[in-house]
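Student: I've got a two-chain model to go through. Can you walk me through it?

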Amino acid sequence: MVYVLRRLIQSALILLGVSFITFVLLYVLPADPVRQIAGRAATAETVENIRQQLGLDQPFLVQYGRYLAALAQGDLGRSYLQKTEVSDLILSRLPATLQLMAAGIVAELILGLSMGIAAALMRGRIGDQLLMMTSFVTVSAPQFVVSLLLLYVFAVKLGWFPIGGYGTLAHLVLPAITLGILGSGWYSRMMRSSMVEVLRADYIRTARAKGLGRARVVFRHALPNAILPIIAMIGIDIGIFMGGIVVVESVFGWPGIGQLAWQAIQRVDIPIIMGVTLVSAFAIVLGNLLADLVAPLIDPRIRLR
Amino acid sequence: MKTWLATTALALTLALPAVAQDYTPDPNAKAGGSITITYKDDVATLDPAIGYDWQNWSMIKSLFDGLMDYVPGTTTLRPGLAESYEISEDGLTYTFKLRAGVKFHNGREMTADDVKYSLDRVTNPETQSPGAGFFGSIAGFENAGPGGLSGVEVVDPLTVKITLSRPDATFLHVMALNFASVVPKEAVDAAAGDFGKQPVGTGAFKLAEWTLGQRLVFEKNAEYWRDGVPYLDSVVFEVGQEPVVALLRLQNGEVDVPGDGIPPAKFVEVMNDPAQAARVVVGGQLHTGYITLNVTTPPFDKVEVRKAVNMAINKERITQIINGRAVPATQPLPPSMPGYTEGYAGYAYDVEGAKALLAEAGLADGFETDLYVMNTDPNPRIAQAIQQDLAAIGIKANIQSLAQANVIEAGGAGTAPMIWSGGMAWIADFPDPSNFYGPILGCAGAGEGGWNWSKFCDEGLDAMAVQADSLSDPAKAEERLKLWSDVYMGVMEKAPWVPVFNEERYTMKSERMGGDDALYVDPVSIPVNYDYVYVK
């Protein structure tokens, strides 16, 4: 209980730190949001007037304090250019992002785990080496390139999937695979080493000695034990996903918060940028927290201190 | 002398330099059908007081109306919600007679109170309208606030009187801007600060559906006050679509008009394919791309240096870089703008002459400077061409390729010696020569943060500009355009800019789309005039 409390306080401090750093970065930005709002026909007085209304004429700490005070009440502010509540904008786009993330996680698990298991079973042989090389390539491949490549081959040339967009399951496949390919590299390497270790364990030898079939040993005895450390990784993975989602959503025209952030950055719409950053940071912190809390439940050897 | 211009035709002939005629309906037009338009960027807002984007400009025109309007596909003014108008002899009072029986999408009848409310709202600093500055000539503008504009007066439910603090020959154009659209107060109040997502107007279409970040559906306003339009039953806008993807979908028959036009990377491919090229529509644009030379930064404070730079730039080659999608410019105004000086050749490309001028300025060995440019294609490539041209006369220009907002900031602050305007400026807000002067070449825009990035301020030319815009008597339109032509010739004499090219718009439409090509490259309803296009 004390542990949980301590982790919650830590998480809150991390979020506070993220909000401060983002606020500083946006404050020193050499582009003036007021000019973007005021438009090119604005007089100097109009610009000053808007600056005052938004409180952007105040010193940095006052601005930050006001932002935090509003945030404490769950108010992310209004978009400078759209005038809509930032929370509404994020909420309306969150389902698309969550859907993509869930599908991405499924894709990376399927790809990564099967590659890892196969490599472990072929340990030291050419198949193992090939799979591990592939995992290197997928970890390092830029998502922008991967997404365009998949789009070109499977949507434009073969016509199996729609060319970008959102709505049906078919729309989901290519962006999810793009995200999955990146993560699969990590998972396959972890799965391989975890599996190799378990396969060396005494109880596996016992099972084999009892005369159980190879498939039964691998899937009933080895896999449940080998997979435990992997599950804890999924929570941490959310951070990597958040980074990839901005790129993937932009290329595939996926209406999630990554796309929202990208368009807000181009227009210096600071409340949206702040809001998306905080929501993403929140997701990452939450993911890590859950991973840590869930780990002892699935593996009693892990104790919380 | 006061004259009621009771009929539309008479009013327009007097108000405009060009021979004005209203729109002749397309005899082949058919009612019905739905079309799909794509855009890359999301639609930020449909509030006419706020919207100032490529995507939402023509959407707002279809949802709302102002007192004035343009003949579709042209730059010719025609009355909108005003049936007729009267201009006082001193040019300071405009009295608009409103059309009776016009209904908002919520069913309520539009009255003079709505016109006053809308103008009060757009000029109220609390609204934070990027278009508020256009209404600067209305009396009481300086004190605009919650109390409203003193210069706008409701005479009776169908008559509005607007008093100006100075004569303004562009005022009817201003009343045709999206920012002057008439909105119903109760709908603005009901939306509680988010009218941009719940728009209610009098326009040809009404908003039926908006899924944020995905799509918008406009539905025909069956009670629209203009007879016979719109033709389409609905227009579907899909956002978040890359222009390259939109083009592929157009070939598949899934998209009717790619709102962002033909992406530069695909241009040659499209034009070389006869099937695709047949669907391309080309139109002029009220656009000029230019290089600003900051006259407050040495050595650009010397007119010889500025003229030398003008002569050093090979404009033909730069238009080739963008696949010939532009014509070389000779002066600030684009050729299709009234007031353009015909027969003026500008500064011809002359490397030796440019070197001689530099030598005259005591800079025979050249100098080093910075050229700011927005960092999206094709602008950095254009900047490289400029850099090479300048190197040929001994000027070493370092390219500063930055995000749009940062270049605009540097331009406004006056810290950029040279800026290539591509991607940022300047497309006219309304088809009148004054729109290319005040904010970008006049003293008003030269202050800190203004859009006059040359920081050029010539009081003599400013006085001429004021004089031109005070000629609001329609009978003096020719005289006024002559004055504007003189102003721009004066600008060229001082050479604060290198006018480089006037962009042309290349867009596409699907096989089934009908209507005059001009509607797809409408100079005012940018990019498409949704009210008048139809499905064959």
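This is a predicted model: local features need pLDDT of at least 70, side-chain atom pairs count only at pLDDT 80 or more; totals for chains, interfaces and linings use all residues.

Student: What share of chain B is buried?
Tutor: Take C-beta atoms placed from the backbone: a residue is buried with 20 or more others within 10 Å of its own, exposed with 12 or fewer, and partly exposed in between. The C-alpha atoms of chain B fill a box of roughly 70 × 60 × 45 Å along the principal axes. Of its 536 residues, the buried share is 54%.

Student: Which residues have the most contacts inside the largest nonpolar core?
Tutor: A nonpolar core here means buried Ala, Val, Leu, Ile, Met, Phe, Trp, Tyr and Cys residues joined through C-beta atoms within 7 Å. The largest one has 222 residues, and its largest share, 14 residues, comes from helix H5 (residues 86–121) of chain A; helices (H or I, at least four residues) and strands (E, at least two) are DSSP runs numbered from the N terminus. The residues with the most contacts inside this core are B:Ala176, B:Ile291, B:Ala308 and B:Ile386.

Student: And what does B:Ala308 touch beyond its sequence neighbours?
Tutor: Contact means C-beta atoms, placed from the backbone, within 7 Å. Leave out neighbours within four places in sequence, and B:Ala308 is in contact with B:Ala354, B:Leu357, B:Leu358 and B:Ile393.

Student: Which helix supplies the largest share of the side of chain B that touches chain A?
Tutor: At this interface, 36 residues of chain B are in contact with 35 residues of chain A. Helix H6 (243–251) and helix H13 (404–413) of chain B each supply at least two residues of chain B's side. The largest share, five residues, comes from H13(B).

Student: Why do S4 and S6 of chain B each have one side without a neighbour in their sheet?
Tutor: Strands pair if DSSP finds at least two bridges between them. Four strands of chain B make an open antiparallel sheet, ordered S4-S5-S7-S6. Strand S4 (82–87) and strand S6 (152–156) stand at the edges, so each has a single partner strand.

Student: Which residues stand opposite B:Ile162 in that sheet?
Tutor: Strand S5 (residues 93–98) and strand S7 (residues 159–163) of chain B pair over five bridges, while four bridges join S6(B) to S7(B). S6(B) and S7(B) form a hairpin with two residues between them. Opposite B:Ile162 stand B:Tyr94 and B:Val152.

Student: Is A:Ala141 partly exposed or buried?
Tutor: A:Ala141 sits in the loop between helix H6 (126–140) and helix H7 (143–157) of chain A. It has 15 other C-beta atoms within 10 Å, so A:Ala141 is partly exposed.

Notes: Residues are numbered from 1 along each chain as its sequence is written. Chains are lettered from A and ligands numbered from 1 in the order in which they are written. Two residues are in contact if their C-beta atoms, placed from the backbone, lie within 7 Å.
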